[in-house]
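Here is a short briefing on one structure. Keep the model open while you read.

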Amino acid sequence: MNTLDSIIKRKSVRSFNNEQISEEQLEKLIQAANAAPISGGGRADSARHIAVVQNVEVLKDLSDVVAKLVPIPSPNPLYGTKTLIVFSAPSNQFKAEQLDVALSAQNVSIAATGMGLNSVIMTGPVYAFNASEELKSKLNIPEGYTPYISIAVGNTDDTSVKTREFDDTNVSYIL
Ligand SMILES: Cc1cc2nc3c(=O)[nH]c(=O)nc-3n(C[C@H](O)[C@H](O)[C@H](O)COP(=O)(O)O)c2cc1C
């Protein structure tokens with residue numbers, strides 16, 4: 001799949017099946033995550049941490065906490081994913097740490113689509129870490145880092161296609 005197709009065909013999937021992603025796929029996703037641009041690249045305070053959660057018990061604990069905390073209650077807020085990737089960052093002088101991790105997560109979602117995988121970007125699980133230090137510590141998130149965004153990645157039996165009509169009504173062209 002070419003890059004533009006991966007971007008346009010990406011859609012949020014909320015029903016993962018039991019098939020775990022392969023180690024090779026995970027490695028490519030991490031490569032994509034770390035290939036994202038980062039503000040103030042190379043400086044000591046410009047950094048991101050990536051936690052890959054595949055442990056069944058941690059996923060279950062996380063799901064249970066999120067289920068109680070998200071604004072829209074859901075019995076299954078991680079949608080059965082077998083892989084959740086959580087992005088954290090320390091505050092940096094550009095105040096761009098949330099943008100840094102968002103770009104990283106988006107890289108993963110586009111790469112996943114290109115590899116025939118499915119994903120959904122979520123802030124929901126972040127509520128759980130803010131509510132439970134114990135849960136946060138299970139992810140080995142470094143001291144001073146805040147989790148901001150996560151992405152569930154996996155396989156699905158949902159074969160629906162999201163159509164995206166070209167729409168530029170929100171665009172100002174300064175020609
Ligand atoms: C910052 C951010 C946070 C999101 N958090 C959640 C979430 O917690 N749970 C969820 O199911 N979807 C979440 N989404 C996914 C959006 O609902 C989804 O991207 C949007 O409905 C558009 O659908 P699409 O991704 O299929 O284009 C989030 C998306 C973004 C960008």
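An open sheet of 4 strands runs in the order β1-β2-β4-β3, with antiparallel pairing. The model is predicted.

- β1 (49–53) and β3 are the edge strands, and each pairs on one side only.
- On average, neighbouring strands are turned by 20° against each other, direction ignored.
- Strands of a sheet pair through backbone hydrogen bonds, either parallel or antiparallel.
- β1 and strand β2 (residues 83–90) run antiparallel, joined by 5 bridges.
- Across from leucine 84 in β2 stands valine 53.
- Helix α5 (residues 124–131) packs on the sheet and touches β2, β3 and β4 (145–154).
- The direction of α5 makes about 140° with that of β4.

**Helices α3 and α5**

- Helix α5 also packs with helix α3 (residues 56–69), at an angle of about 100°.
- The axes of α3 and α5 are 8 Å apart.
- Angles of 65 to 115 degrees count as roughly perpendicular, and α3 and α5 are therefore roughly perpendicular to each other.
- From α3, the contact uses Leu62, Val65, Val66 and Leu69.
- From α5, Gly124, Pro125, Tyr127, Ala128 and Ala131 take part.
- By class, this contact of α3 with α5 has 8 nonpolar residues, 1 polar residue and no charged residues.

**Helices α2 and α4**

- The axes of helix α2 (residues 23–34) and helix α4 (residues 97–114) come within 7 Å and cross at roughly 140°.
- That angle makes α2 oblique to α4.
- The crossing of α2 past α4 is right-handed.
- On the α2 side, the contact involves Lys28, Leu29, Ala32 and Ala33.
- These meet Ser104, Asn107, Val108, Ala111 and Ala112 in α4.
- The contact of α2 with α4 divides into 6 nonpolar, 2 polar and 1 charged residues.

**The ligand shell**

- Which residues surround the ligand? The shell consists of Lys11, Ser12, Arg14, Val120, Ile121, Met122, Thr123, Gly124 and Lys162.
- Strand β3 (residues 118–122) gives the largest share of this shell, 3 residues.
- By class, the shell has 3 nonpolar, 3 polar and 3 charged residues.
- Gly124 surrounds the ligand with the others, and Gly124 of α5 also takes part in the contact with α3.

How values were computed:
Residues numbered from 1 in each chain as written. Predicted model: local features only at pLDDT ≥ 70, side-chain atom pairs only at ≥ 80, totals over all residues. Axes fitted to C-alpha atoms, helices over the stretch in contact; angles between N-to-C directions. Helix = DSSP H or I, 4+ residues; strand = E, 2+ residues; numbered from the N terminus. Parallel < 35°, antiparallel > 145°, perpendicular 65-115°, else oblique. Left-handed = near helix turned anticlockwise from the far one by under 90°. Contact = placed C-beta atoms within 7 Å. Nonpolar A, V, L, I, M, F, W, Y, C, P; charged D, E, K, R; others polar. Near = placed C-beta within 6 Å. Pairing = 2+ DSSP bridges.
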